Amino acid sequence: MSESEEKPAGESNCGSDPDLPEGSSRMTKAGEEEKPAGHSMFIQHHQSSTYFFSSPLPPAEVLGGYEAVLPGAADRVIRMVEEQGKHRRELEQRNLKADIIKSYLGMACGFTIALYGIYAAKEMVMAGHVWTGALFGFAALGSLVGVFVKSANDRKEMLREIREIEEKSQPPLSKE
């Protein structure tokens, strides 16, 4: 087909390679892009940003952005954070009260069982089973002492963990 002949619709007379799909271009040896005449190129650039912050409130710039898009949004975000904090504190308070109740019930049950063990040991000794009664009594007293020692150690460990968490959450003091 010569250049003077008409080409069907969709083909151009710009000297491009017929093997290339329409809208494509060829690179020259000099590294320049050779585009067929009558074609334009569209470049789209997309940029996204991801924000990460560890406090319950977003930074002031982000809050300002919310406020700019929707007036009153910053106040709503702050109110939501306050309500979430209040809810978290209420849950922690309930858990603390439940833990205290469980602790007292556990101590009461343990003390009751230990008293029954000591009573049983006394009855064994009175019935003439001195060694069996003595072993039973020492076991009852030993378990009672062991429970109280473990409870004291658990309390110390919990207080140490709380101090570590508080130290991590406080900002370091500036040295001036």
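A search of the whole structure finds 7 salt bridges, a salt bridge being a side-chain nitrogen of Lys or Arg within 4 Å of a carboxyl oxygen of Asp or Glu. The structure is a predicted model, in which local features need pLDDT of at least 70 and side-chain atom pairs count only at pLDDT 80 or more, while totals for chains, interfaces and linings use all residues. Residues are numbered from 1 along each chain as its sequence is written, and side-chain values use heavy atoms, with hydrogens and water left out.

The protein chain holds 3 helices and 2 strands, these being DSSP runs numbered from the N terminus (helices H or I, at least four residues; strands E, at least two), and along the sequence they follow the pattern β-β-α-α-α. Of its 176 residues, 9% are buried, where buried means under 20% relative accessible area, exposed over 50%, and partly exposed in between (1.4 Å probe, protein chains only).

Within helix α2, R79 forms a salt bridge with D75, their closest N and O atoms lying 2.9 Å apart; because the two residues are 4 positions apart in this helix, about one helical turn separates R79 and D75. R79 is partly exposed at 39% relative accessibility, as is D75 at 46%.

In helix α3 (residues 130–169), K150 and D154 are likewise 4 residues apart, or about one helical turn, and their side chains meet in a salt bridge of 2.9 Å, N to O. Here K150 is exposed, with a relative accessible area of 52%, whereas D154 is partly exposed at 41%. A network of salt bridges also links E157, R160 and E164.
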